[in-house]
Amino acid sequence: MMETVAPNLSARDLELLRLSIALSHESRARGRHPFAAVVADAGGEIFASAGNNSMPPEGDPTQHAELVAAAHAARKLTPQELARCTLFTSAEPCCMCSGAIYWTGIGRVVYALSEAALLALTGNHPENPTLSLPCRDVFARGQRPVDVVGPLLEDEASLPHRGFWNRG
């Protein structure tokens, strides 16, 4: 997988991205889909984090980690504060989560595993019917900018997915 290095990343950004990857491992260990997200302010203070809870029978298919973390942050912070926040996520936000990020007003997204790399890992698994719509394309249709950095650390982010989607 291609590793991208972005010049506008701090050491704390990479630490928080790795935290989202670590939380995705925890989601898998709990029997959930291996995704996670963290919302932090410009100084790196964490305001919300979430693992994925979209699997049946008790899960809700709309409860992707990014959507849950964005919603928690939106309940705690003002619109001005959210605009200065970053959502760090173990995988590129889907179009539903990108919409939630946009509507909550979060100003930046840093993601690890690209949608294309995720699809290569999941295949046509019925629990992850991938919509091939990059988050940059969703944000580009909006009236305010959302800065996007990624993919990054794809090899690390792919680890909790290995063997998960073809389990019997």
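In this predicted model, the side chain of histidine 72 makes a polar contact with the side chain of arginine 75, at 2.9 Å.

**Histidine 72**
- Histidine 72 has a relative accessible area of 33%, which lies between the 20% limit for buried and the 50% limit for exposed, so the residue is classed as partly exposed.
- Between histidine 72 and valine 39 there are 9.0 Å in space, C-alpha to C-alpha, although the two are 33 residues apart in sequence.

**Nonpolar cores**
- The largest nonpolar core holds 23 residues, and Val39, Leu87, Ile106 and Phe139 have the most contacts inside it.
- At least two residues of this core come from each of strand E1 (36-40), strand E2 (46-51), helix H2 (65-76), helix H4 (95-104), strand E4 (108-113) and helix H6 (135-140).
- Another core, of 22 residues, lies apart from this one and includes Leu23, Ala36, Ala112 and Trp165.
- In soluble globular proteins, nonpolar side chains tend to be buried together.
- Leaving aside neighbours within four places in sequence, leucine 87 is in contact with Ala37, Val38, Val39, Glu66, Ala70, Ile101, Ile106, Arg108, Val109 and Val110.

**Strand E3 and its partners**
- Strand E3 spans residues 86-91, and six of its six residues are buried, so the strand is largely enclosed by the rest of the structure.
- E3 pairs with E1 in the antiparallel sense over four bridges; threonine 86 in E3 is the bridge partner of alanine 40.
- E3 pairs with E4 in the parallel sense over five bridges; here valine 109 in E4 is the bridge partner of leucine 87.
- From E3 the chain crosses through H4 to E4, making a right-handed β-α-β crossover.

**Helix H4**
- Seven of the 10 residues of H4 are buried, so this helix is largely enclosed by the rest of the structure.
- Those buried residues are Cys97, Ser98, Gly99, Ala100, Ile101, Tyr102 and Thr104.
- The elements covering the buried residues of H4 include H2, helix H3 (79-83), E3, E4 and H6.
- Glycine 105 follows H4 and has a positive phi, near 90°.

Terms used. Residues numbered from 1 in each chain as written. Predicted model: local features only at pLDDT ≥ 70, side-chain atom pairs only at ≥ 80, totals over all residues. Heavy atoms only, no water. Core = buried A, V, L, I, M, F, W, Y, C linked by side-chain atoms within 4.5 Å. Buried < 20%, exposed > 50% of the residue type's maximum accessible area, 1.4 Å probe, protein only. Contact = heavy atoms within 4.5 Å. Pairing = 2+ DSSP bridges. Right-handed = clockwise from strand over helix to strand, strands pointing away. Polar contact = N/O pair within 3.5 Å; in protein donor to acceptor, adjacent residues only side chain to side chain.
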